[in-house]
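Have a look at it first, then try each task before reading its solution.

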Amino acid sequence: MNHIVIVGCGIIGATLAYELSLIAGLKITVVDKQPPAQAATGAALGVLMGIISHKVKGKAWRMRQTSVQRYGTLIPELEAITNKKIPFNRQGILMLLPSPQVTTDDLPFWEKLRETRQNQGWQLEILDVAQISKICPQVDVKSREYIAAIHSPQDRQLDPTAFTLALVQAAKQNGVDFKFGVNALGMKSLSDGENSSARELQTTEGVITADTFIISAGLGSSLLTEKLNQKVDIRPVLGQAIHLRLGHPLAKSDFQPAITCNDTYIVPCGAGVYPTTDYWVGATVEFSQDNGELSADKELLDNTLKGAIATCPELAKAEIIRTWSGLRPRPEGRPAPVIEKLPGYDNVILASAHYRNGVLLAPATAEIVKEMVLEG
């Protein structure tokens, strides 16, 4: 039996564990120093910007399309297995195009993208100001000028923590062994002169021998690859978000999509499961300073909240329940994510550094890794 060890149980590691558990003949062990859905996963807003993204071809588009399609079947699949509802907003994403950041000269791009998506079998809608006001009265179209809005009805938003916990529960039922509170320290390898093979994972609870190792530990991935003399430079980018409680849906409207404007997101909480009375607002994008320090900038978070209120003024009445931050793993000097066999190793797979798209690309990542595992 092929024994696979996955290091890391954020949304990527958990998705890998579940999808691989559907393949007969695999023994799967997951190791994480924390409980599941911590770090970047626990801080994510779960907005799946697939169809509305600018990607139209190549691997980047194929991964987005694969993930959006798989989420449509994966959510009900997990709900049936776990008997738990996963908050999953099926009302799409509404992207507002404000002036002067956007001009009428930008509209031909969106018209072309709408045409491309239609040819690919997907939908995009371009809304004028009157249409925005009619279907989404929570948006203030009087105080701020909008060129248009893009509604992507087939994009989604989900609760990343609830989703990850459901993956873990379902994978456990399929026989996956999860070891939480266990720190991966490094690997031992053997070399045949050309390629090396990792054989043992050293942990704080002893040595785990396996046939294949998958590193999906986010920012912790770099430390493990360095132990195998391969430097994969993954750096943190901090993001902050806010949980608001309004007590009722915005504008008391039944249409509650995820709304984005100037890279600020307003996300209804618990969509599809609970009454939508709470909202997440985020997220900042904060890089380390020249001295390497990285700390949350309160002014940036305040500006994010102000931007959300400018978009939906009713949010000014909301109570701040909590604020939080998390570190996103971003690869240095190369596109995100990093999904490949570790150079020089025939049985170590790296599936990490998804930056801001970990939730979106988790199913597609699992599909790519499955192919690597089956190919050997």
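**Exercise 1: a lysine in a helix**

Lys370 is buried, with a relative accessible area of 18%; buried means under 20%, exposed over 50% and partly exposed in between, using a 1.4 Å probe and protein chains only. Before going on, note that this is a predicted model, where local features need pLDDT of at least 70, side-chain atom pairs count only at pLDDT 80 or more, and totals for chains, interfaces and linings use all residues. Residues are numbered from 1 along each chain as its sequence is written, and side-chain values use heavy atoms, with hydrogens and water left out.

Task: find where Lys370 sits and what Lys370 touches.

Step 1. Look in helix 9, which holds Lys370. Helices are DSSP runs of H or I with at least four residues, strands are runs of E with at least two, and both are numbered from the N terminus.

Step 2. Skip residues up to four places away in sequence, and you get Glu19, Leu20 and Ile23 as the residues Lys370 touches. Contact here means heavy atoms within 4.5 Å.

**Exercise 2: an alanine in helix 9**

Task: is Ala362 buried or exposed, and which residues is Ala362 in contact with?

Step 1. Go to helix 9, residues 358–375, to spot Ala362.

Step 2. Check the relative accessible area: Ala362 has 1%, so Ala362 is buried.

Step 3. Leave aside neighbours within four places in sequence, and the contacts of Ala362 are Ile11, Ile12, Thr15, Ser67 and Tyr71.

Step 4. Now try a distance: Pro329 is 33 residues from Ala362 in sequence, and their C-alpha atoms are 14 Å apart.

**Exercise 3: helix 1**

Task: how many residues of helix 1 are buried?

Step 1. Pick out residues 11–21, which form helix 1.

Step 2. Count the buried ones: 11 of its 11 residues, so to speak a mostly covered helix. Among them are Ile11, Ile12 and Thr15, along with Glu19 and Leu20.

**Exercise 4: the whole protein**

Task: what does the protein look like overall, in numbers?

Step 1. Tally the secondary structure: 9 helices and 20 strands.

Step 2. Box in the C-alpha atoms along the principal axes, and you need roughly 70 × 45 × 40 Å.

Step 3. Turn to burial: 53% of the 376 residues are buried.

Step 4. Take contacts between residues at least 6 apart in sequence; 75% of these join residues at least 24 apart.
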